[in-house]
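This report describes selected local features of one structure, from a helix face to a sheet and its backbone exceptions.

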Amino acid sequence: MAIAKAERLMNLALCLRGASRPLSKRELRGSIEAYIEAGGEEAFNRMFERDKDDLRELGMVIETVESLDGDTGYIARPDSNRLPPLSLDAAEAAALGLAAKVWQQVRLAGAAGAALQKLRAGGMPETADAEVPFSALEPRIPAGEASFEPLMIACRDRRPVLFEYRKASAARSTPRTVEPWALECWRGHWYLAGWDRGRSDQRVFRLSRIIGKVRSRGGDFTAPVPDRVTVRESVAAWAGEHATGQARIRLRAGSGYPLRARATELVQGEDGWDELELPHGHGLGAWLAEFGPDLVVLEPAELRADVVDRLRAVAKG
């Protein structure tokens with residue numbers, strides 16, 4: 001059965017690539033034996049649409065052309081389905097091989113593997129994997145949020161999106177219409193940077209705070225996309241990376257390891273609580289609130305009030 005499908009896809013690819021003009025579905029059905037034997041028109045249409053999507057997923061560029069009499073035709077022009085010459089050395093090929101292994105999400109892992117196969121077919125060294133030194137530790141990028149894949153596609157296709165978003169300090173979510181620019185992973189969390197139409201300004205959204213489905217919207221972007229999107233720098237500023245002072249907190253023993261890594265001073269207590277000093281900047285309260293009952297802010301007073309307000313908002317929600 002798998003061989004029959006592979007043969008059918010190959011025949012469709014050869015027809016589309018070898019045609020001198022767009023071919024209609026009727027012409028394609030009469031040229032490919034598997035389509036002739038498909039049975040009714042509905043069964044053929046389902047099979048053809050699946051095959052066309054599979055070829056596009058494999059990287060084939062299939063154009064859809066409307067004729068003057070209203071018929072729809074399909075063609076895969078040779079110029080659009082030819083890889084440019086590759087000039088990767090062994091080190092560059094090894095870097096690509098390593099990058100393809102970091103994805104934990106199944107669909108992205110499959111896409112990365114397929115991309116490597118295409119590059120090798122185009123001349124990338126076959127020994128790319130062997131160039132990577134063996135290590136007991138392998139890099140992995142988690143992408144478990146349901147919103148990751150639709151946002152990644154929206155960033156690629158420059159398509160506006162609509163989703164419900166709950167800020168750390170809010171009890172309820174609010175709808176956001178965003179023109180997505182880029183996704184970036186920072187400290188184990190994924191963030192989206194883009195133009196928030198409702199706020200008429202650039203915003204950064206943490207994917208774990210997106211509620212429900214991400215829905216695509218029609219139309220073009222209304223704001224220009226920057227040449228360089230500084231997702232990490234923007235998140236760092238909001239997370240207190242650009243410190244303006246020091247904060248003192250009490251942290252339950254055995255918890256809060258990211259905070260311990262940033263501490264400028266740590267005093268272990270005998271009552272099961274440790275006292276830490278941290279760089280304090282804008283947005284630190286949102287991060288501290290995530291540690292819930294394992295953390296108590298001692299000073300400054302405004303930071304303590306900020307964390308308490310956030311925890312109360314979550315408790316109400």
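A residue counts as buried under 20% relative accessible area, as exposed over 50%, and as partly exposed in between (1.4 Å probe, protein chains only). The model is predicted: local features need pLDDT of at least 70, side-chain atom pairs count only at pLDDT 80 or more, and totals for chains, interfaces and linings use all residues. Residues are numbered from 1 along each chain as its sequence is written, and side-chain values use heavy atoms, without hydrogens and water.

Helices (H or I, at least four residues) and strands (E, at least two) are DSSP runs numbered from the N terminus. In helix H5 (residues 90-99), the buried residues are Ala93, Ala94 and Gly97. Viewed down the axis of H5, these residues fall within an arc of 100° (taken from the directions from the helix axis to the C-beta atoms), so they line one face of the helix.

Strands pair if DSSP finds at least two bridges between them. Strands S9 (residues 245-252) and S11 (residues 273-280) are joined antiparallel over 8 bridges, with Gly245 opposite His280 in S11.

Pro300 lies in the loop between S12 and H11, and the peptide bond from Glu299 to Pro300 is cis, with omega near 5°. Two residues other than glycine have positive phi values:

| Residue | Phi | Relative accessible area |
|---|---|---|
| Arg158 | near 55° | 39%, partly exposed |
| Ser200 | near 50° | 51%, exposed |

Most residues other than glycine have a negative phi, and most peptide bonds are trans.
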